[in-house]
Amino acid sequence: MSETLRARLYHVVLWIVSLIFFSPVAWIILSSFKTRSDILATPPKLIFTPTLDNYVDLFVNNRGFLLQLGNSIILSVTAVVIAVFVSFLAAFCFSRFKPKGTDFLMFLLLSIRMLPGPAVILPVYLMYVAFGWKDNHLAMILFYAMFSIPFSVWILKGFLDGVSTRFDETGRVNGGSWLHIIFRVVLPQVKPGLIAAFIFNIIFVWNEFLFNFIIGGVSTQNIPYALAVGAYSDGGLNWTFISALTSIYILPPVLFIYFFQKYLLVGMTFGTVRGEV
Amino acid sequence: MASSPGQSAFKDNRRVIIFALLAPVLAFFIVFNTIPTLWLLGLSFHKFSLLSGMPPEFFGFRNFQDIFRNRNGIWGDLGRTFTFVGVGVLVQTTLGILLGFLFWGSKDMPGRRLALTLLFTPMVLTPVATGTFFRFIYDPTFGVLNALVGWMSPTGTIDFLGNPQIAFWAVLAVDCWMWTPFMTLMTLAALGSVPKAELEAAEIDRLSWPKRVSLVIWHHGKFILMLGILLRTIDSFKTLDLIIPMTKGGPGQTTRLVAVELNKQSFESFNMGWSSAYSVLLLLISIAMTSMFIFILNRRRKGR
């Protein structure tokens, strides 16, 4: 009896900790259902009549919103699909053939992801300005793909190393072409790696602001861009706009980590630590 | 066994396959990384501003000298950055480990998945959105935090992001809120890597808790934990998105970290030569950190 009580208490404590970490987010979501005067009330109101006006406003009256949301989706999905595909080929090569310089290339790939954003984007910006590629969807997608490659290669190489070469050999002996082996024999076995690479790169590109701001422009702007640039109206910060936009925007990443929680660890560590928590 | 002509055909074939598999990634890298990086290296020795409209002019090491000699230059930024990284990572690691131990053995908790999602939410949020809404929470007139502080000690409102003495710590607190869950995650992974049999043996031997941690858990978990700390160090060195919406490096320069300064010089002042030199310096630092990361990773592999 006292044993179950202790377990209950323990779980209650854990829930409270989780809720404390979530509370700032909860406050923003709550605020998105408030009217303008309720948001700016002092002291802040916990009890109020909820309204959907902010969301209606966003979808109906804010012309930029659908463009930005569309851009966010198109940029992240296309870039990551390209990145995961080419990374899978490269990771297969690194894992199976181990060409000279594999370690160096893996190092080089990783080091870009370790560099502060402005240092990465500065030369690319000069290049894009010189070639007139700024504010172009394809140019943005290719850059994001490049930036998603290191992570994908690392994560997929880890998974491919775990697939026994016996499968390749059997395939070869039975007369399968390399294409057959790569896509029919090996690919299905690293599905978890593909999912993890896909999800965590998407979260990254989805959340990315600086690159979009610097090498993008009016036609390629995504939601973080809108948040940073368009948050001001009527001389002050437009909190109703911010809270509604933020609440919608953070939904996909949160859903991702709920449904793909077993990939969270591998996703947050470049594929270097595996397992579930 | 294949005959020798077959083998050599396989070898040629092999080279073609390697090239074909690597080509797309290499192409991406040469176009979007190698060429730009070489360009950056070259520019760092030139005087070049996008505003003046003049072509780049060879400058020798003058950009580097400017960076180090300037009174408000790199030392202040580096100092703030390393304080930010050092204090931040220390707090996140300590809290993360505590929470990790707390959540250890919660496998049969009702709604565990949802609770963990709520706990891990901060680290997958859009940093720009986080920064913006923390500005709302920190706001001196209608922010919720001031209302909470006001309840406890009604000494007047605190301008968290406007007060030069507090702003840095207020920003750091948000960073800690975002990334403590990451260290919790790493701690849980480290604890998960400890074999159950050894833990049971330690329990049977009635080892004291400090001994259990130092003899059993530390031995298995140390590399994962160290990787976590290193990843966090590297990531927090890059912090930028979070600061732009909150303070833009102000008030004064109190929250101006290296990435913030580089961003300002390159994309607000368009001082490209100077910024290239600054980027080269940051590149060296990040290469050093990447090497450390790989070093620890290799030790872990050998340690097994």
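Which residues in helix 4 of chain B are buried? They are Ala115(B), Leu116(B), Thr117(B), Leu118(B), Leu119(B), Phe120(B), Thr121(B), Pro122(B), Met123(B) and Val124(B). The structure is a predicted model, and its scores are ipTM 0.88 and pTM 0.88.

**Helix 4 of chain B**

Because 10 of the 13 residues of helix 4 of chain B are buried, the helix is largely enclosed by the rest of the structure. The buried residues pack against helix 1, helix 10 (191-207), helix 14 (251-259) and helix 15 (264-268) of chain A, and against helix 7 (167-192) of chain B. At Leu118(B) the helix bends by about 35°, and the proline Pro122(B) follows within four residues. The length agrees with expectation: at 1.5 Å a residue, the 13 residues (112-124) should span 18 Å, and the end C-alpha atoms are 18 Å apart.

Helix 11 of chain B, residues 258-267, is mostly covered, with seven of its 10 residues buried. Val258(B), Ala259(B), Val260(B), Glu261(B), Leu262(B), Asn263(B) and Ser266(B) are the buried ones.

Chain B has a mean pLDDT of 85, and 93% of its residues reach 70 or more. Over residues 1-6 of chain B, however, the pLDDT is below 50, and beyond near neighbours in sequence this stretch has two contacts in the model. Where pLDDT is low, the predicted coordinates should not be read in detail.

Chain A contains 15 helices and two strands. Its C-alpha trace spans about 75 × 70 × 30 Å along the principal axes. Of the 277 residues in chain A, 49% are buried. Among the contacts of chain A with a separation of 6 or more, 73% come from residues 24 or more positions apart.

The largest nonpolar core has 165 residues, and Ala90(A) and Phe143(A) have the most contacts inside it. Leaving out residues up to four places away in sequence, Phe143(A) touches Val124(A), Phe211(A) and Ile215(A) as well as Phe32(B).

**The contact between the chains**

How many residues does each chain bring to the contact? Chain A supplies 74 residues and chain B supplies 77 residues. On the side of chain A that touches chain B, helix 1 (residues 2-31) gives the most, with 12 residues. That side divides into 62 nonpolar, 12 polar and no charged residues.

Glu3(A) also lies in helix 1 of chain A. Glu3(A) is exposed, because 7 other C-beta atoms lie within 10 Å and the cut-off for exposed is 12 or fewer. From Glu3(A) to Leu265(A) the separation is 262 residues in sequence and 32 Å in space, C-alpha to C-alpha.

Two residues other than glycine with a positive phi are listed here.

Definitions and conventions: Residues are numbered from 1 along each chain as its sequence is written. Chains are lettered from A and ligands numbered from 1 in the order in which they are written. This is a predicted model: local features need pLDDT of at least 70, side-chain atom pairs count only at pLDDT 80 or more; totals for chains, interfaces and linings use all residues. A residue is buried if 20 or more other C-beta atoms lie within 10 Å of its own, exposed if 12 or fewer, and partly exposed in between; C-beta atoms are placed from the backbone. Two residues are in contact if their C-beta atoms, placed from the backbone, lie within 7 Å. A nonpolar core is a set of buried Ala, Val, Leu, Ile, Met, Phe, Trp, Tyr and Cys residues joined through C-beta atoms within 7 Å. pLDDT is the predictor's confidence in each residue, from 0 to 100. Ala, Val, Leu, Ile, Met, Phe, Trp, Tyr, Cys and Pro count as nonpolar, Asp, Glu, Lys and Arg as charged, and the others, Gly among them, as polar. The expected span of a helix is 1.5 Å times one less than its number of residues. The bend at a residue is the angle between axes fitted to the seven residues ending there and the seven starting there.
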